[in-house]
Amino acid sequence: MPIVEREPPKGRRESYVLPKVPVPPLKQTLDMYLTSIKHLVKEEQYQKTKSIVEKFGEPGGTGELLQEKLLEKSINTHNWVYDYWLDDMYLNQRLALPVNSNPAMVFPKQDFRDHKDSLKFAAHLITGVLEYKKHIDTRALPVDFSRGQLAGTPLCMKQYYRLFNTYRLPGLKRDTLVIHETGSTEQEHIIVACKNQFFVMDLVVKEKTLKEMDILSQLEKMVKMAENTEERQPPFGLLTSDGRTEWAQTRDVLIKDSVNRESLAVIEKCLCVVCLDDPSGMEVGDTSRALLMLHGGGHEKMGANRWYDKPMQFVVGEDGVCGTVCEHSPFEGIVLVACTEYLMKFMTGSPSKIGRATSVSELPAPRRLLWKTTPHIQGLLKASAERLQRLVRDLDMDVHKFEVYGKEFIKKQKMSPDAYIQVSLQLAFYRCNGRLVSTYESASIRRFHEGRVDNIRSATPETLAFVKAMTDEKTSLSDSEKIKRLWDAINAQTNSTIAAITGMGIDNHLLGLREISQEIHMEMPEIFTDETYVASNQFILSTSQVPTTVEMFCCYGPVVPNGYGCCYNPQADHLLFSVTSFHGSTETSSAVFIKALDEGLVEMRDLCKTSNKPQSNKIRCRRSHSPSVLCGSLDRA
């Protein structure tokens with residue numbers, strides 16, 4: 001039964017209907033799973049896995065029982081996979097949030113004339129946040145619709161309503177995503193971080209919302225208070241950079257004191273955090289700005305001037321390094337992009353109102369949050385600082401602008417830019433490692449009620465055939481065979497994308513079958529303890545397309561110690577890549593990967609130019625399963 005997603009209570013918009021996330025057919029998922037892993041494992045291992053999968057899916061077997069239970073759950077809930085997915089992807093994870101989980105959006109570098117100029121920027125940004133929050137609270141945001149070949153479908157808007165009213169609370173074994181009531185009077189403040197101190201800015205004073213000049217005045221007072229070394233508090237923001245279990249244990253210690261308990265409660269209910277950063281002392285380039293967003297440079301720089309549990313943190317650096325750091329569990333990248341693009345356009349298109357609006361008279365002095373510490377807590381702070389610094393030293397990042405061509409060239413080849421770039425990433429990885437590995441590409445399923453994402457498994461057999469044609473078999477194959485294999489890889493990738501965004505992906509389905517087996521207290525089925533399944537969920541290559549229409553870019557860290565994180569932003573005349581890995585792995589190097597990516601993209605262009613035959617391309621598209629949607633660009637939203 002479809003769910004009616006109701007727009008504003010006062011009828012600002014019509015209600016619209018979104019279907020539930022479907023439960024894919026069991027046999028289809030098992031067949032697709034075997035296809036996705038056959039070329040990634042040794043034959044002996046594949047045959048063992050095939051036998052396990054066939055036993056799981058046999059008539060009257062375990063798979064059919066679990067499928068039946070999942071179908072029942074689908075009938076009785078709005079979204080059968082949402083809680084399973086949220087726990088598995090985020091809340092059960094124990095790694096520290098910086099780098100490992102929290103993505104960042106890096107704004108264009110600002111040219112501030114002086115310190116006050118940066119505070120004016122921050123005040124204007126906060127004003128924009130309040131305007132956007134007003135759109136959310138009144139349900140005035142326009143409904144998003146899917147674009148590309150599967151265009152015109154309304155998309156679920158619930159993620160927008162969780163941008164500012166959520167908080168990730170650490171737990172010993174599982175975190176909790178706390179959701180405050182939209183428009184709650186408890187959320188009429190923001191937290192401002194400055195010199196590792198935390199201040200409360202009340203946004204409503206004497207029943208009036210602060211104007212921009214009031215916000216600037218409060219920011220100036222906070223900066224002055226932060227410079228007072230006699231009243232300086234310990235850098236408690238460091239604790240939120242720790243592993244989730246460690247932070248939960250520390251928080252349990254903190255809340256035994258009423259002062260700490262009160263300060264935590266105020267932070268946990270704020271709308272957002274605004275981090276006023278000192279100059280980092282680093283040479284300001286794309287890579288250094290991205291690093292400062294992801295981890296703040298550690299405790300020696302801005303790493304303690306953060307509160308990583310809060311989903312929206314806005315960073316304004318005195319040296320012009322600005323952006324957003326996000327706790328990822330409440331919303332996806334496309335929602336972050338929509339919010340930050342609104343703010344960037346607000347900043348440039350809406351003149352500052354400082355000095356032109358009536359201020360609230362007699363503003364109360366800002367409140368500095370206080371902390372009670374003990375030698376034990378000091379030791380915990382030191383340990384958190386050391387662990388963050390190790391993470392900072394380990395991260396290997398390279399933000400790279402490929403300027404030979406952009407998505408317009410790819411579109412002229414009648415190819416999907418996203419599929420083309422995914423194939424290029426596989427080619428780069430194969431060049432570096434001589435094999436393909438389990439790959440994650442996020443695919444939005446917002447066309448369903450409370451839909452988040454599923455996975456596009458980009459390391460397809462067709463892609464393996466193509467990358468071999470460009471490497472191992474390069475001299476023995478003709479250009480016509482290479483371009484045929486490229487089209488096969490593009491079409492396979494696009495088919496996988498369509499399956500994922502229409503609710504027919506395999507990862508969410510397998511996750512649901514696994515988790516429901518535990519709900520009914522069944523011994524874990526062998527399919528989920530099999531080494532192939534375990535390895536196939538270790539995503540050595542974790543990728544995501546985050547396109548923007550204004551000058552900014554997204555970045556995040558790898559999800560496994562020996563892996564790569566690769567976020568890409570295709571523009572008309574260039575492709576922007578943010579590649580991360582860990583120095584501690586001997587199997588990875590971001591610079592080496594970027595070099596291989598550059599070489600592969602140039603070779604793919606040259607191949608397309610030598611084989612630019614529209615008629616043969618049409619024939620290849622007709623061979624695929626879904627001819628109406630495989631030719632041309634596909635928007636994954």
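Mentor: His-189 has its place in strand β6, residues 189–194; strands here are DSSP runs of E of at least two residues and helices are runs of H or I of at least four, numbered from the N terminus. The model is predicted, so that local features need pLDDT of at least 70 and side-chain atom pairs count only at pLDDT 80 or more, while totals for chains, interfaces and linings use all residues. Residues are numbered from 1 along each chain as its sequence is written, and side-chain values use heavy atoms, with hydrogens and water left out.

His-189 is buried, at a relative accessible area of 8%; buried means under 20%, exposed over 50% and partly exposed in between, with a 1.4 Å probe and protein chains only. Its side chain reaches the backbone oxygen of Val-266 at 2.7 Å. Leaving aside residues up to four places away in sequence, His-189 touches Val-200, Met-201, Asp-202, Leu-203, Val-266, Lys-269, Cys-270 and Leu-271, where contact means heavy atoms within 4.5 Å.

Strand β6 belongs to an open sheet of eight strands with mixed pairing, in the order β13-β7-β6-β10-β11-β12-β3-β18; two strands pair if DSSP finds at least two bridges between them. The edge strands, each pairing on one side only, are β13 (367–368) and β18 (553–555). Strand β7, residues 197–202, pairs with β13 in the antiparallel sense over two bridges. Val-200, one of the residues touched by His-189, has Arg-367 in β13 as its bridge partner.

Methods: A polar contact is a pair of N or O atoms within 3.5 Å; within protein, one must be able to donate a hydrogen and the other to accept it, and residues adjacent in sequence count only if both atoms are side-chain atoms.
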